[in-house]
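Thank you all for making time this morning. I would like to walk you slowly through one model, so please bring up the sequence and the structure and follow along as I go.

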Amino acid sequence: MTAASSTGTIAYAHLPRLGGAGVRLELLPEALLWSIGPREGRLRLADITAVHLRFLPAKFAAPSFEMDIAGRDGPRLKVGSASRISLTGVRDQREDYAAFVRAFHRALAVSGATPRYRGGYGPLRFWAMVVAGLAALAGLLAVLGFAILQQEWAFAMFLAAMGAFVVWPTAEMIWRNRPVTYAPGALPRHLLPA
């Protein structure tokens, strides 16, 4: 959840894993206070070296988003847009997450910090996924074509239904995670909740 305090700070908290330590971040004008379970620390905004935004496909619920923050000689922090509340239950925090990400980037710009801003997968991983995805799609279409030629209508319908169920989320994951670099004032819309 995101909350603004009377001191002008913005806080965000989420639970990345069921039974795991919760993550809480508090954004101050000059620093990011963090706590992960019993560990806590302070990361000066000027010491942040990289910010990485990513889209995560749906597991049991809606898709989620993630921001990785790397600091000079500090911890790597992961901030997610969803909290695990049960084995299959997920609390959607996309609005709060998007508000925190935007505030965080504004604070970085104001502080004069110069981290690398990246989004999506690395180029090698992205293109490998594109090739593998297209090969799998070609194989699926070939099997579907043979099923239709053999007049195996039930099997063809099953393949079409399963294909639609698998192809759309896979294509969305690959497309949203295309490699980008960005500026803190121009966040990539495809890597933030709408």
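Arg72 counts as partly exposed because its relative accessibility is 46%, where buried means under 20% relative accessible area, exposed over 50% and partly exposed in between, with a 1.4 Å probe and protein chains only. Arg72 sits in the loop between β7 (64–71) and β8, and its C-alpha atom is separated by 6.0 Å from that of Thr49, although the two are 23 residues apart along the chain. When I say strand or helix, I mean DSSP runs, numbered from the N terminus, with helices being H or I of at least four residues and strands being E of at least two.

Before I go further, please keep in mind that this is a predicted model, in which local features need pLDDT of at least 70 and side-chain atom pairs count only at pLDDT 80 or more, while totals for chains, interfaces and linings use all residues. Residues are numbered from 1 along each chain as its sequence is written, and side-chain values use heavy atoms, with hydrogens and water left out.

As for the overall picture, the secondary structure comes to three helices and 12 strands, and the C-alpha atoms fill a box of roughly 70 × 35 × 25 Å along the principal axes. Of the 194 residues in the protein, 37% are buried.

β7 and β8 pair in the antiparallel sense over five bridges, where two strands are said to pair if DSSP finds at least two bridges between them. Met67 stands opposite Val79 in β8, and the two strands form a hairpin with four residues between them, with Asp73 in the turn having a positive phi of about 55°.

In what order do the five strands of the open sheet come? The order is β8-β7-β6-β11-β12, and the pairing is mixed. β8 (76–80) and β12 stand at the edges with a single partner strand each, so one side of each is left without a neighbour in the sheet. Further in, strand β6 (residues 48–56) and β11 pair in the parallel sense over four bridges, and the bridge partner of Val51 in β11 is Tyr117.

Tyr117 and Tyr182 form a tilted pair, 5.4 Å centre to centre with 50° between the planes. Tyr117 lies in strand β11 (residues 116–119) and Tyr182 in the segment after β12 (180–181), so this pair ties together parts that are 65 residues apart in sequence. Tyr117 is buried at 9% relative accessibility, and Tyr182 is likewise buried, at 11%.

The rings of Phe126 and Trp127 have their centres 5.0 Å apart and their planes at 80°, so that pair is edge-to-face. Are these two residues buried or exposed? Phe126 is buried, with a relative accessible area of 8%, whereas Trp127 counts as exposed at 52%. There is also one aromatic cluster, formed by Tyr12, Tyr97, Phe100 and Phe104.

The charged end of Arg125 sits over the ring of Tyr121, 4.0 Å from its centre, and Arg178 lies over the face of Trp175, at 3.9 Å from the ring centre.

I will finish with the helices. Gly133 is in helix α2 and is partly exposed at 25% relative accessibility; its C-alpha atom is separated by 7.8 Å from that of Ala171, which is 38 residues away along the chain. In the loop between α2 (123–149) and α3 we find Gln151, which is exposed at 55% relative accessibility and has a phi near 60°, a positive value in a residue other than glycine. In helix α3 itself we find Val166, which counts as partly exposed at 45% relative accessibility.

Conventions
Rings of Phe, Tyr and Trp (its six-membered ring) pair if their centres lie within 6.5 Å; planes under 30 degrees apart count as stacked, over 60 as edge-to-face and the rest as tilted. A charge sits over a ring if NZ of Lys or CZ of Arg is within 6 Å of the ring centre and within 35 degrees of the ring normal.
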